Amino acid sequence: MATAMAGALALLAAGAAHAQSNVTIYGIIDTAVAHVDNTNAAGDSVTKVASLTGSFPSRIGFRGTEDLGGGLSAIFTLESGFGPDTGTMGQGNRLFGRAANVGLKGKWGTLTLGRQVNMTYIAGLKADVLGPNLFAIGSIDPYLPNARSDNAIGYLGNFDGIVAGATYSFGRDTSSSGGPAATGCAGESPADSKACRQVTALLGYEVKAYGINASFDKLYGNTGAAGGLTSSSNFDRRVTVNGYWMFGGTKLGAGLIDRKTNAVTGVTESTLAYLGVSHPITPLLTVDAQVARKNVKHSGDDTDMAVARLTYFLSTRTAVYGALGLMNNDGAAAIALDAGGSVGVGKPQRGLMAGLRHHF
């Protein structure tokens, strides 16, 4: 017994000596002053400090890894979003609303459990040159920069440029605080196994010079869920195709999102196409521009967007930026240029913004 105990202790000591772990604290503080017109039917303008995002949403996070040996690592991410205008917490007032997951990483890929970004979020990361900017395609489809799933199991792997991933959620959104990041569909119901379930998947080929991928995303509703998805027979489905091409330091990115929503109010189908370019004028100055069009099928309620942004890097961590944008609404469309903003029905909206971003 004593020999066995000594052997076990020796193995544990060897494992402890071999394992190496580290934790990184990181974050972004990013805010901007924006001015937009036609915020209501009367055509009034407003100047405000942006809350949801500037060029990137503000956050503070904790990321950890532990070397388990044999090429295997334990990992975790805890990331909290906040509004720098007032200091309030984001993502439906969650403590770690941007990410709260733990997993394993090896040569075979990464497996994660918990709240995490899903494949719709990952699919557009390299093709969308504006990303989660205040004026961007996230204003047209607010789900895109908020594509996260609660209660999820996720996998992502890259095999010599072939990228494959999937997530499955047993209850996609436990917060009902309102907005695109909190849609009130907790799921995990013994009475209805399909309620609030969500599945996403991605397959692509990505190298430095170019890349293309396709993703699938289908989420189900339940009683009390937002967006008219008040039953598990209701669903919201997106299929995306995204690509990027590098010409020296210049990136060209494009994508198409096909969406079908089967809600209590009826079936709505639409497509959202975007095309953008990012060009470094100098090592410290970059210009990004993007156009997009949302086409609502069997309807005249379409929307066109055009945005240009200029970013000047004061250092590797700090940048100032400015942007101009136009959102043109047809018919009964009322999509605001600024994320979380408002616009009069059928009115165009013009805006300008200037901001400061710091990474730490």
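Mentor: Let's start with methionine 119, which is found in helix H2, residues 119-123. Keep in mind that this is a predicted model. Is methionine 119 buried or exposed? Its relative accessibility is 2%, so methionine 119 counts as buried. The cut-off for buried is under 20% relative accessible area.

Now look at what surrounds this residue. Leave out residues up to four places away in sequence. Methionine 119 then touches Tyr155, Leu156, Gly165, Ala166, Thr167, Thr200, Ala201, Leu202 and Ser215. Methionine 119 and alanine 164 are 45 residues apart in sequence. In space, their C-alpha atoms are 9.4 Å apart.

Next, step out to the nonpolar cores. In soluble globular proteins, nonpolar side chains tend to be buried together. How many residues does the largest nonpolar core have? It has 25 residues. Those with the most contacts inside this core are Phe135, Ile137, Ile140, Leu272, Ala292, Met305 and Met353. Several elements give two or more residues to the core: strand E1 (21-36), helix H3 (137-140), strand E13 (266-282), strand E15 (303-313) and strand E16 (318-329). There is also a second, separate core of six residues, which includes Tyr121, Ala147, Leu229 and Ala263.

Zoom in on isoleucine 137. Set aside its neighbours within four places in sequence. Isoleucine 137 is then in contact with Asp128, Leu144, Leu272, Tyr274, Gln290, Ala292 and Met305.

Charged side chains come next. The count comes to 16 salt bridges. Take arginine 259 as your example. Its side chain meets that of aspartate 141 in a salt bridge, at 3.9 Å from N to O. Arginine 259 lies in strand E12 (residues 250-263), and aspartate 141 in the loop between H3 and strand E7 (148-159), so the pair ties together parts that are 118 residues apart in sequence. Arginine 259 is partly exposed, with a relative accessible area of 23%. Aspartate 141 is buried, at 6%.

Arginine 259 has another partner. Aspartate 236 forms a salt bridge with arginine 259, and here the closest N and O atoms are 2.8 Å apart. Aspartate 236 sits in strand E11 (residues 235-247) and arginine 259 in strand E12, so this pair ties together parts 23 residues apart in sequence. Aspartate 236 is buried, with a relative accessible area of 6%.

Move on to aspartate 288, which forms a salt bridge with arginine 309. The closest N and O atoms of this pair are 2.9 Å apart. The pair links distant parts of the chain, with aspartate 288 in strand E14 (residues 285-296) and arginine 309 in strand E15, 21 residues apart. Both aspartate 288 and arginine 309 are buried. Elsewhere, salt bridges that share partners join Arg94, Arg115, Asp150 and Asp173 into one network.

Now for a covalent link. The structure holds one disulfide. It joins cysteine 185 to cysteine 196, with an S to S distance of 1.9 Å. Why is this disulfide called left-handed? The torsion about the S-S bond is about -85°, so the disulfide is left-handed. Cysteine 185 and cysteine 196 both lie in the loop between strand E8 (162-169) and strand E9 (198-206), so the pair ties together parts that are 11 residues apart in sequence.

Finish with the backbone at two asparagines. Asparagine 38 has a positive phi of about 50°, although it is not a glycine. You will find asparagine 38 in the loop between E1 and strand E2 (46-49). Asparagine 38 is buried, with a relative accessible area of 12%. Asparagine 93 also has a positive phi, about 65°, and is not a glycine either. Its place is in the loop between strand E4 (72-81) and strand E5 (99-106). Is asparagine 93 buried or exposed? At 56% relative accessibility, asparagine 93 counts as exposed.

Methods
Residues numbered from 1 in each chain as written. Predicted model: local features only at pLDDT ≥ 70, side-chain atom pairs only at ≥ 80, totals over all residues. Heavy atoms only, no water. Core = buried A, V, L, I, M, F, W, Y, C linked by side-chain atoms within 4.5 Å. Buried < 20%, exposed > 50% of the residue type's maximum accessible area, 1.4 Å probe, protein only. Helix = DSSP H or I, 4+ residues; strand = E, 2+ residues; numbered from the N terminus. Contact = heavy atoms within 4.5 Å. Disulfide = S-S within 2.5 Å. Salt bridge = Lys/Arg side-chain N within 4 Å of Asp/Glu carboxyl O.
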